[in-house]
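Here is a briefing on one protein model. It covers the sheets, a pocket and some backbone details.

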Amino acid sequence: MGNSYGYGIVFLYSVCLIVQEVIKIETNMLKILIVFSCILYPVLTGMTSDNYFPAEKVVIQFPSDVPAYIIAIPQTALEKRVTKRLSDYLSRVLHSTTKVVASIKAVPAGAPAVLLSSKLLTTKFSDSPEAYSLETRIMNGHSVLIAAGNTELGLKHAVQRVIIESEQRNPGLVIPALQVSESPWIPKREWTLCPWAPDLVRGVFNNPNADKRMNVWLYSDQQIVDYVDMFDSFGFSGCQLMETVANYSILGSAEAFQDRQLKFARAIRANGQDITLW
């Protein structure tokens, strides 16, 4: 039984013992009083079976070589991006193409599924657009993980958390029982692109032999996308861009640098992150 229910019964039992001592009622009458107290306590306090008997812990198990199912109707570009990210992850791990369906009715009988929503399906616990909740439960005979956010930004963080919590083990991919509600306590969290390169650190040193593979300003388009995704997965909500003459010297001209910075800006926006200028 839940703690609240248990504490309540202990309290009522103590009251019954005091009553017995005060008015000297018989033992059988005391037993009857205790039984009625146990029955009436949840009614009088407004408790239901859901909160004084803990819900069953549901573990989601996706077997290998069998398609996983995602229940989602993505509308925005970010929702589609987030859905694809989870779909690609499940497909790679399970060696089978994930199916995205619009309703739980389209999921085969007894098969597990992940339900994605950009609106919280439980009581709203935060006004932050990045707030999200995760819950594993039984729905219509299916083991289902519900990943929901206040907005598409919250849904993005929910899917990131699902991937982190998942366990790649027998029978394929296991998602442990989850009951999570989270919201960031710092509204704006920015990472910054510094205006220098490994071979030219402004005001410190100039080393023409430095490894240029670490120079983000020379990254390919895909490297830029992956770099932005990395900071997003770390939990940052946006990026602060800088533009100085030091930047221009790295790529040879203001135009060349601004073109590269636009590529970062587009990747950042596509990921749902904010952009500010230093």
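Two strands count as paired if DSSP finds at least two bridges between them. Helices (H or I, at least four residues) and strands (E, at least two) are DSSP runs, numbered from the N terminus. The model is predicted: local features need pLDDT of at least 70, side-chain atom pairs count only at pLDDT 80 or more, and totals for chains, interfaces and linings use all residues. Residues are numbered from 1 along each chain as its sequence is written, and side-chain values use heavy atoms, with hydrogens and water left out.

**Three-stranded sheet**

- Strands in the order S9-S12-S13 form an open sheet with parallel pairing.
- S9 and S13 are the edge strands, each with a single partner, so one side of each has no neighbour in the sheet.
- Neighbouring strands here are turned by 30 degrees against each other on average, direction ignored. Axes are lines fitted to C-alpha atoms, for helices over the stretch in contact, and angles run from 0 to 180 degrees between N-to-C directions.
- S12 (residues 238-241) is joined to S13 (residues 274-277) by four bridges, and the two run parallel. Leu241 stands opposite Leu277 in S13.
- S9 (residues 190-192) pairs with S12 in the parallel sense over three bridges. Glu190 has Gly238 as its bridge partner in S12, and Thr192 stands opposite Gln240.
- Both faces of S12 are covered: Gly238 and Gln240 on one side, and Cys239 and Leu241 on the other, are all buried. Buried means under 20% relative accessible area, exposed over 50%, and partly exposed in between (1.4 Å probe, protein chains only).
- Helix H8 (residues 254-270) lies across S9, S12 and S13, at about 145 degrees to S13.

**Six-stranded sheet**

- This open sheet has mixed pairing and the order S3-S2-S4-S6-S5-S8.
- S3 (99-101) and S8 (179-182) stand at the edges with a single partner strand each, so one side of each lacks a neighbour in the sheet.
- From one strand to the next, the twist averages 25 degrees.
- S2 (residues 69-71) and S4 (residues 113-117) pair in the parallel sense over two bridges. Ile70 has Val114 as its bridge partner in S4.
- Helix H4 (residues 77-94) packs on the sheet and touches S2, S3 and S4; its direction makes about 165 degrees with that of S2. Contact means heavy atoms within 4.5 Å.

**Second largest pocket**

- On a 1 Å grid over the protein atoms alone, a pocket is an open set of points where a 1.4 Å probe fits, with protein on both sides within 12 Å along at least five of seven lines; lining residues have an atom within 4 Å of a point.
- The second largest pocket has a volume of about 310 Å³. Volume is the space filled by probe spheres set on the points, which are joined across faces, edges and corners.
- Its lining has 15 residues, of which Tyr132, His157, Gln160, Glu182 and Gly235 lie nearest the centre.
- Helix H5 (residues 152-165) gives the most to this lining, with five residues.

**Backbone details**

- Most residues other than glycine have a negative phi, and most peptide bonds are trans.
- The Asn170 to Pro171 bond is cis, with omega near 10 degrees. Pro171 is in the loop between H5 and S7 (172-175).
- Asp65 has a positive phi, near 65 degrees. Asp65 is in the loop between S1 (60-63) and S2 and, at 58% relative accessibility, counts as exposed.
- His95 has a positive phi, near 55 degrees. His95 lies in the loop between H4 and S3 and is exposed at 61%.
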